[in-house]
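Please find below a short note on the model under review.

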Amino acid sequence: MKTKSLIYYALISSIFLFSLVSIWKILATLQGIELKNFNFAIIITLGIAISLLNTLIGDKLNYIIKSTFFALIFTFIDGYIVQLMPVWYNIGIFGILIFFSLKINKYNQKYLATEHSSQIVVFDFLTLFGIVLFSFVILFPFYMMLITSFKTQAALLINPLDFSINFNQDFKVLFKSYFVIFDTYKFGRYILISTFVSVGTVIVTLLFAIPAAYAVARLNFFGKNFLSTSILIIYMFPAIVLVIPLYTVFSQLGLRNSVGGLLIVYTATTLPVAIYMLQGYFRSIPKELEEAAIMDKLNWFGIIIKIILPLSIPAISSVALYVFMIAWNEFLFSLMFLDNPNSFTLSRAIQYLSGDAETPRQYLMAGSVVVTIPVLLIFVYFEKYLVSGLTAGSVKG
Amino acid sequence: MSDTLSKIEKRTAYILILPAVFLVFSIILFPIFANVWISFKEVGLKDIRIPEPRAKKIVKSIKDNPDQLKVIYKLRNSSLILEIRDVKFQDKLPKNIKPINLDERCRVKSNKIYCEFGNWEAKYKENFQILLKSSDGKELNKKELKTIKPKLTGKSDNILLNTNFTLKNFKKVFFQNEFFELLSTTFYYTFFGTIGSIVFGILTAQLVNQKFFGRTFMRSVLLFPYVGPVVALAYTWELLLDPYSGTLNNLLMNFQVIQEPLNLLGQKYLTVNFFGFDLKLRLALTTVIIFEIWRYFPLAFLFILARLQAVPKELYEAAEVDGAGPLQKFINITLPQITAVISILFMIRFIWNFNKFEDIFLLTGGASGTRTLPINVYEQGFTISDIGMGSAVSIVIVALLLIFMFIYFKLIGKRADEN
C-alpha cells in the first residue's frame with residue numbers, strides 16, 4: 001500500500017511540476033528567450049527526486065526552509081548547469097518551485113500510509129494540473145489577441161514568437177493599430193451602431209417579454225401550456241434556417257441594410273428565452289401581494305408596474321445583460337443583412353476587414369480587442385447575475 | 001361574478017402575450033414555413049428584387065432663354081428580367097411654373113403632372129423630357145424644382161408569389177450535392193463537438209467544485225470563451241493556427257515536437273502512422289471540432305457545476321464513512337447525480353452544434369472537408385446565389401431537427417415514466 005502510494009505520488013507530482021515548468025518555458029520563449037527543449041527527462045528526474053526527498057525529510061525541517069532549499073537546488077541545476085538563463089527566468093522557476101514544494105509538503109510518510117492515499121494524491125494533482133492547464137489554454141488566445149494588436153506587421157513576420165512589447169516607445173506608435181481602426185476604418189461609428197442595436201434590442205425585448213412572461217406565469221387562458229412548451233421548442237430552432245426567407249422578405253420590404261431590421265430580428269430571436277427566464281422568476285413572487293393589489297382595485301397594468309417590476313429587478317437585469325450580450329456578439333444576421341459599410345455592426349465590420357487579405361492582422365486583432373473588451377467587462381462585473389441567468393435559461397450559442 | 005372575472009383575465013392574458021407572439025410568429029415561425037414554399041421554386045438571388053420603375057431627375061437651364069427650364073427624367077426598369085405593367089408617373093411643380101408642349105401621355109392637374117407610361121419590358125430605358133415655363137415672369141427656382149422627387153408606381157409579377165412549383169431543388173440536394181458527405185461531416189462535427197464539450201464540462205465542474213485559492217476567478221475565466229464574440233475568437237484562433245506565422249506551429253517547431261508546419265485549418269487529411277497502420281485523420285475538421293469544444297464546454301461546465309453544488313454533502317460523508325475512495329465517490333455518487341443534466345445538455349448541444357454556422361464559416365469557410373449542412377445553406381443561397389436550393393437544404397435541416405427532438409422527447413418521456 002505504502003510503496004504504491006509513494007510511486008503514484010512521485011510520478012504524478014513530477015509530471016505536474018514538468019507541466020508548470022513547460023508553461024513557464026513557453027511564456028519565456030515568447031519573451032524572446034532561446035529555449036529549444038523542454039528537457040523532459042531532466043525535469044522529471046529532478047521532480048521525482050524532490051518529491052521523494054520531501055517525504056523522506058517530512059517534518060524534520062521547517063517547511064519554509066525545506067521549500068527554499070528545494071527551490072534553490074532546482075533553480076541552480078535548471079538555470080545554471082543545464083542552460084544559462086537570465087535572472088528573471090530563474091526567479092520565475094524559483095517561484096514555481098516554492099509553490100510546488102508548498103503543495104507537496106503535506107504528503108509525508110504518515111499521509112501516504114492512509115487508506116486510498118494513492119487515489120487522493122492522483123486526484124489532488126489532477127485538480128492542480130487541470131487548473132493550470134485550463135487557465136493557460138483558455139487565456140492564451142486572449143493574451144495573443146491583446147499582444148498582437150500592439151505589434152507591427154514587420155515584427156510579426158520576422159519572429160512570430162516574439163510577444164514582448166516595447167513600452168518605451170511613443171504612445172502613438174504603441175497604440176497605432178487602434179488609431180488606425182478608429183481613423184481609417186471608422187470603428188467609432190461601428191461601436192455606436194453596435195451599442196444602439198444591442199441596447200435597443202434589450203429595451204424592446206423587455207417591453208415585449210415582461211407582459212408575456214407575466215401572463216404565462218400568472219393568468220389562466222386557453223393555450224397556456226401549449227405556449228409555454230412551444231417557447232422552448234422555438235428556442236431550439238436555429239438562425240440558419242431563418243436566414244433565407246428573412247433575407248428575401250426583408251430585401252423586398254427594403255428592411256435589409258437597416259439597423260431597424262436587425263433590431264426586429266434580434267428581438268424576435270431573444271424573446272423566447274427572455275420570456276422563459278422571466279416567467280420562472282415571476283412564479284417565485286408570492287401571490288398574496290397581487291391579491292392585495294386586486295383588492296385595491298389595481299388593474300393588470302398597475303400590478304405589473306407597481307408590484308412585479310420592483311420585485312424582479314435582479315431577474316430583469318440578468319435578462320437585460322444577457323440579451324445585450326447575445327445582440328452584441330451576434331454575427332450571422334449582421335452578415336446577411338448588412339452590406340453597406342455605413343450600417344455595419346462591430347462584428348460585421350471585423351469580418352469585412354478580414355475579407356481584404358491586405359489588411360494587416362494587428363488591425364484585425366485591435367478590432368477584436370475592441371469588440372471583446374465590453375462583453376468581458378460586463379461579464380466579470382455582473383458575473384453573479386449572469387451566471388444565474390445562464391443556468392436558468394441557457395444561452396443560445 | 002367569477003365568470004366575468006375569468007373572462008377579463010383571459011382577455012388581459014391575450015393582450016399581454018399578443019405582441020410577443022406576433023413578433024415571434026412573423027420572424028421565426030413564418031420563415032420556417034416560407035422555407036417550404038421557397039424550396040419548391042426555382043429562385044435565384046437576382047430574382048428576389050422586385051422590379052421597380054425608377055426616375056432620375058435632372059434640371060437644366062436653357063441658353064438664351066432664362067424664363068424656361070428643361071427637366072429630363074431618366075426612366076428605367078430596375079429589373080433585368082421582369083416587365084412592369086401600368087407604370088404611372090407623378091411629379092409636383094412649384095406654383096408659378098407651367099409645362100409647355102407636354103408629352104401626349106401626360107396631363108396636368110392642379111400643379112401636378114400625371115403620366116401613364118404603359119408597360120415597360122425588362123431593361124427598359126427612356127429619357128423623358130419636359131419643358132417648363134414661368135407663368136408670372138419671375139425667375140425660375142432650379143433648386144426647388146430639384147428637391148421635389150417624382151413618384152412612380154407599377155405592377156409586376158413577384159416570382160415568389162406565383163404558383164410554379166418544382167422538385168428540382170430537392171433532386172439536386174439529394175443527388176448532386178454530395179449529400180452523404182455533407183451529412184457525415186455534419187454528424188462528425190456535431191457528435192464529437194457535443195461529447196467533447198460535455199467531457200470537458202464534467203472535468204472542469206469537478207475541478208471548480210473543490211475549494212482552492214482563486215476559485216471564483218477560475219470560474220469566470222472558464223466562461224470567457226463562451227461569452228466572447230465569435231468573430232474575435234475565430235480570427236484569433238486563425239492567427240494562432242496559421243501554418244507559417246502562427247504562434248502554435250512556431251512553438252511546436254521551436255520545441256521540436258513537429259518538423260514541418262501543419263496547416264491545421266487548410267488541410268483535409270493528415271496521415272498518421274499508428275503502429276504500422278496509416279490512419280487518415282480529418283485534420284481541418286478535427287481543428288474545427290476542437291475550437292467548438294473550446295468555445296462551448298463552458299455551458300456544460302455551468303450546468304454541471306450548478307447540479308454538483310446541489311448534491312447533498314451527507315452523501316459524500318456517508319460514503320467516506322463506508323471507506324469509499326475519491327474514484328468510487330465520483331462513480332457512485334457524482335455521476336448518477338449528473339446524468340439527468342448531461343442528457344439535457346446532450347440534447348441542447350447536439351441541436352445547436354448541428355446548426356452551428358458562424359464558427360466554421362469564420363475559421364475555414366467550409367473548405368478542406370469542413371462543409372456542414374448549415375454552411376451549405378449559405379453557400380447555395382448566397383455564394384451560388386440559388387435561393388431555392390438554400391431553402392431546400394434548410395428544410396432538410398429542419399426535418400432532421402424534428403426527428404432528433406421526437407426521439408429525444410420519446411426517450412425523456414420514457415425515463416420520466418420509469419421514475
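How far apart do the C-alpha centres of domain 1 of chain B and domain 2 of chain B lie?

1. These two centres in chain B lie 63 Å apart. The model is predicted: local features need pLDDT of at least 70, side-chain atom pairs count only at pLDDT 80 or more, and totals for chains, interfaces and linings use all residues. Residues are numbered from 1 along each chain as its sequence is written, while chains are lettered from A and ligands numbered from 1 in the order in which they are written.

2. In chain B, domain 1 covers 51-155 and domain 2 covers 177-385; such bounds come from an automatic or database domain assignment. Chain A is split into domain 1 (2-148) and domain 2 (179-393), with 46 Å between their C-alpha centres.

3. The contact between the chains (C-beta atoms, placed from the backbone, within 7 Å) involves 84 residues of chain A and 79 of chain B. On the side of chain B, helix α1 (residues 2-39) supplies the largest share, 19 residues. Helices are DSSP runs of H or I with at least four residues, strands runs of E with at least two, numbered from the N terminus.

4. Chain B holds an open, antiparallel sheet of four strands in the order β1-β2-β7-β4; strands pair if DSSP finds at least two bridges between them. β1 (53-61) and β4 (97-100) of chain B are the edge strands, each with a single partner, so one side of each has no neighbour in the sheet.

5. Nine bridges connect β1(B) with the antiparallel β2 (residues 68-77) of chain B. B:Lys57 lies opposite B:Tyr73 of β2(B).

Note on methods. Two residues are in contact if their C-beta atoms, placed from the backbone, lie within 7 Å.
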